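Colleague: I would like to learn how to read the features of a protein model, one at a time. Could you take me through them slowly?

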Amino acid sequence: MPWNKGKLTGAKPPLRPKHVWSIRTKLQIEGRARDLAMFNLAIDSKLRGCDVVTIRVEDISAGGYTADRATVRQKKTGRPVRFELSEQTRQAVDDYLKATGKRPGEFLFTGRRGPDRNMTTRQYARLVSAWIGSVGLDPRLFGTHSLRRTKATLIYRRTGNLRAVQLLLGHTKIESTVRYLGIEVDDALAIAEQVDV
């Protein structure tokens, strides 16, 4: 029997804006400050799970309050990638920092292994599954990568600016971004149809 029997393989789709709002609202209502900060940060940063869990306090909040832009070095490529933090993400992170008293030098999200160790990517994946399941979506269809894809896909759909998305995701090759977003000829035609000469 294959190890991945019953598991759905392949690219995980992005979340729709209504799903993002549902998850956010649920986490707010339940007062889950860490989860809300983590979810918002994952959506805004467009980082891979392995990079989300290793964010340190000073990466996004050096002067006691959360910055509106940050830079994180990606584990996969070793190259830095910049991202923006929306008003609500900054608020969520500030609230979380206030509640936990975390200081620069510490990991933003710690796991079960102790206060000086970051959360594992598996713990993060389990959290994401729970968030997704809590709003009635199938956790097998979506994953941590869905969060990375969500804002990137929206930016592309609204602007058609592939180069911007490439920079935001930290891709070296534009082909990776094209493949990543699953851009097909249909998408290109739909964009073309909106342009009259």
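Colleague: Which residue takes a positive phi in the hairpin of β1 and β2?

Modeller: In this predicted model the residue is Gly 78, with a positive phi near 75°, and the hairpin has six residues between its strands. Helices (H or I, at least four residues) and strands (E, at least two) are DSSP runs, numbered from the N terminus. Two strands pair if DSSP finds at least two bridges between them, and here five bridges join β1 to β2 (residues 80-84), with the strands running antiparallel. As one example, Ala 70 has Phe 83 as its bridge partner in β2.

Modeller: Before we go on, residues are numbered from 1 along each chain as its sequence is written, and side-chain values use heavy atoms, with hydrogens and water left out. As the model is predicted, local features need pLDDT of at least 70 and side-chain atom pairs count only at pLDDT 80 or more, whereas totals for chains, interfaces and linings use all residues.

Colleague: How many aromatic pairs does a search of the whole structure find?

Modeller: A pair of aromatic rings is described by the distance of the centres and the angle of the planes. Rings of Phe, Tyr and Trp (its six-membered ring) pair if their centres lie within 6.5 Å, and planes under 30 degrees apart count as stacked, over 60 as edge-to-face and the rest as tilted. The search finds two pairs. Phe 39 and Trp 131 are edge-to-face, at 5.6 Å centre to centre and 85° between the planes, and they link helix α2 (residues 33-45) with helix α6 (residues 121-134) across 92 residues of the chain. Phe 39 is buried at 0%, and Trp 131 is buried at 1%. The rings of Tyr 96 and Phe 109 have centres 5.6 Å apart and planes at 25°, so this pair is stacked. Tyr 96 lies in helix α5 (residues 87-100) and Phe 109 in the loop between α5 and α6, 13 residues apart, and both residues are buried.

Colleague: What lies over the face of Phe 107?

Modeller: A charge sits over a ring if NZ of Lys or CZ of Arg is within 6 Å of the ring centre and within 35 degrees of the ring normal. Arg 56 lies over the face of Phe 107, at 4.0 Å from the ring centre. Phe 107 is found in the loop between α5 and α6 and counts as buried at 11% relative accessibility. Likewise, the charged end of Arg 24 sits over the ring of Trp 21, 5.1 Å from its centre.

Colleague: Which residues have the most contacts inside the largest nonpolar core?

Modeller: In soluble globular proteins, nonpolar side chains tend to be buried together. A nonpolar core is a set of buried Ala, Val, Leu, Ile, Met, Phe, Trp, Tyr and Cys residues joined through side-chain atoms within 4.5 Å. The largest core has 37 residues, and those with the most contacts inside it are Tyr 124 and Trp 131. Its largest share, seven residues, comes from α2.

Key. Buried < 20%, exposed > 50% of the residue type's maximum accessible area, 1.4 Å probe, protein only.
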